[in-house]
Amino acid sequence: MAIDQDTLRHMSEASVSVELETQDMTLNIGPQHPSTHGVLRLVATVDGERVFGVRPVIGYMHRGYEKLSEVRTYPQITALINRIDWVSGYANEVPFIVAAERLMELEVPERAQFIRLILTEMARISSHMVFMASYPLELGAATPLFFALRERERLLDLLEGVTGGRFHPNFNRIGGVKPNAGAGPTQKKTPQDLPAGFFEETREAMERIRHAADQLEDLIAGNEIIRARTKGIGVIPPEVAVAYGLSGPNLRASGVGFDLRKTENYLPYHLFDFDIPTGENGDCYDRWWVRLQEIRQSCRIIEQAIDGVPEGPLQAKVPKVIKVPAGEVYVRAENPKGEMGYYLVSDGGQGPYRLKIRSASFSNISVLPWALENVLVPDIIAIMGSLDFVLGDVDR
Amino acid sequence: MDVIVDLFSNFWVALLGKILLVALMIPLVGMVIGFAEMKLSAKMQNRVGPYFAGGRWGWAQLIADGVKFFQKEDLIPADADRPVFKTAPIWVLVGTVALFVVIPFGPDLIFRDLSVGIFYALAISSISTIGVLMAGWSSANKYSLMGGLRAAGQLIAYELPLVLAVVGSVILAGTMSMTGIVEAQIEAGYPYIVVQFVGFGIFMVAALAELTRIPFDMPIAESELVMGYLTEYSGFRFLFFFLAEFANMFTLSAIAVTLFLGGYWLPGLSETQLAYLGPIILIAKVFVLVFAMIWFRWTFPRFREDQLQTLAWKWLIPLALANILVTATLKVVL
Amino acid sequence: MTSSPSDTEQAEQVAHPLQDFADELAGAVGGTVEIAFDSVKVSVPAENWVQAHLTARDDYDLVFFSFLSAIDWARDVAVGDPLADEEVEERIEVISSVADVSEGKRVTFSCDLDHATPTIDSLVEVYAGANWHEREAAEMFGIDFRGHPDLTLLYLPDSFEGNPLRKSFPLLSREVKPWPGKVDVEAMPEKPSTENPGA
């Protein structure tokens, strides 16, 4: 069905481009460009303001994590994969750790699972807040950036309080979460986990996030120019979205109400009430709107979760040298950018035999050549930005 | 005292004095507005803004920036059309400087009261367009070229509503002299915005577009065209564009104030009082408009190029023509 | 707030309903099925590769293309551990993952290819998103995807030679300085550590 869409598009284009007999120009957008989120390069064929086609060139940030993880131990890999999608570093760790735990058949203490869940949702909000900041900026509005980043900073403070890291927490351990934050080498290891006052501060932060979400909605959704720039622009129909493997908010904006948090069991999401916001048209505006709603839903989840964090240990019993039994497992999780999955093949050693990292942004931007056919130059930025990718997540 | 008066009654000395005054005004106005923009945008974004330079409120920030620009290397791309590239900023600035000539700061405070003042102002401001196009063309950069072409398309499209918006006031005043228009408003007893609110609105929108400020900053459009026609400029040539933008904000606002808001005049002030307070009143009014421009700049995103053209050709120009028709009819009937 | 059932219990509960579906699917595409840890893996012969995906997409609603990659089962290892299991034969195993977007069903398709010259049909006609994934697998493992519209290098620079994710490809930084990594982990102290830090 995706093929039919493609053909149709090409046919409708042919009638447009036939009469233009001007010379095409190749415009090289990136790898150094203000709005390519890092080092994405787009080679666009343009005629004036019209873009005929775009060829994305990636790999400027390829760090070879899949190869590296073949020579690293499981605890070492956690530090690496933090850096895949650095905007939501924490969320990257969870599916990998869960994959290893599945192979080891470990039972993770509930308290650890709840902490993972809370921090994952915080990572989601902070990732979406970055989108809320950068997307209007790409459309020319500079002010929402400050409103969004200000609140994101509070979340990063909370994350830092728990994990010690703002961007790269490296907080998960196989069998649970890092058990003793802050205990130095000379101190006796004290079983402390969450910093004092964490719940109250989180509750307060959630209030502020909701307020910020309202503010952003006022600033952006009510703006005629934003609507003119995003409504009906970059429409990705659901059948195209699934064929390209678009996931997360991008998929939901196309009207597919699918969320791995509802179907997978990597974290205890089934205990909480939350809705899956979906868009109607699959255009840039819907992709923005879905993310805004997800911020509110994540607030709901966190508020429910901090009320119900059970007491108990933070770590399951694990041997000091972690060896994962031979086997294959694929664990996928609903990360802020979309489906993040780890296909872990173990041969019983201290490190994976093969680790395939399925990152969301890679598939999300693979739709660009399709979506950027026959648009205008400003729409390149509008569409590209609305997909919310991070180059580290694309190149890995 | 007499010596000085005698000295300035000499044409050449007076000319030199005027030139110096204008030359001083451009950086002064640029700095004041630039600083206002920095501080106001900071306020709107929950920031502090410039803080350290100069000791208090960072008042010397713009001076420091200016010094920095002059210290920078004057980079010229290897493939650039050198003479065109080098002179482009000058043309942009000239277009702005020349506008100061016809702005009446007080009853007798005007550099030159041309009988076709407003006509001159609108004509001379187009020189900047040529400068922008030259900058875009000569940079040998695709982004610059696209920015330059966007600027040309945009400035041509918005020159029309700008001119048409002015016509209403000119019809009412019956003169094209800038002082004449202010005097006509004094005589009428109300600023022309009361009857020419449509013209004023169109003028301000078109002025924003002429200034290539958000929401009409497509020729620069950082997120799309890097910096548009400014991409390859650095050092003092960049500073020229920078200054020209802020000075242009001042001059276009001053023209709007003169045409629609009664210029240097406030009701209830005598002729002598106006002679002294005129400049202050004018500048105060100008800054109200400048504030609005800054406000828009930090609130709105930018249009798309085709949406901008649609706005100009489908909405502003017909509206301006209708405004002229109504004004002319009423002028004849009443 | 009630307590959650543990991961493994859940996995077992969910695995059973998938069994019927997996068997049906494996029958339809002519493959063998293996269910482990909540995921279904269907091995199909190379000639049925495209047909299997077509069936999965059209008849089983597995419309979502998740990823495609490969595993290099090799004994000639330049870096990392060699295969522990002597029985595993050398091969390139292509894996692709497709899913539905309603119930969370997901299937891994797997296909064993010749280790020296792996060749398989391209999936681009079935799932448009396979395009980039196949380019990645092609440059990383040297797999030839027949019928792929543009099998050029995706990540690697144009002049790059070799297939980095093959086990025989050396990791250059490791050649220079063999640190850090799992091969360097020191033996743990003799004292059996019974206490679990912080638990």
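In which sense do strand β4 and strand β5 of chain C pair, and over how many bridges?

Guide: This is a predicted model, in which local features need pLDDT of at least 70, side-chain atom pairs count only at pLDDT 80 or more, and totals for chains, interfaces and linings use all residues. Residues are numbered from 1 along each chain as its sequence is written, chains are lettered from A and ligands numbered from 1 in the order of writing, and side-chain values use heavy atoms, without hydrogens and water.

Strand β4(C), residues 91-99, and strand β5(C), residues 106-113, pair in the antiparallel sense over eight bridges (pairing requires at least two DSSP bridges; strands are DSSP runs of E with at least two residues, and helices runs of H or I with at least four, numbered from the N terminus). Within this pair, C:S96 stands opposite C:F109 of β5(C).

The two strands belong to an open sheet of five strands in chain C, ordered β1-β2-β5-β4-β3, with mixed pairing. At its edges are β1(C), residues 32-36, and β3(C), residues 64-73, each of which pairs on one side only. From one strand to the next, the twist averages 20° (axes are lines fitted to C-alpha atoms, for helices over the stretch in contact, and angles run from 0 to 180 degrees between N-to-C directions; contact means heavy atoms within 4.5 Å).

Two helices complete the picture. Helix α2(C), residues 49-59, lies across β3, β4 and β5 of chain C and runs at about 175° to β5(C). Helix α3(C), residues 130-141, lies across β3 and β4 of chain C, at about 10° to β3(C).
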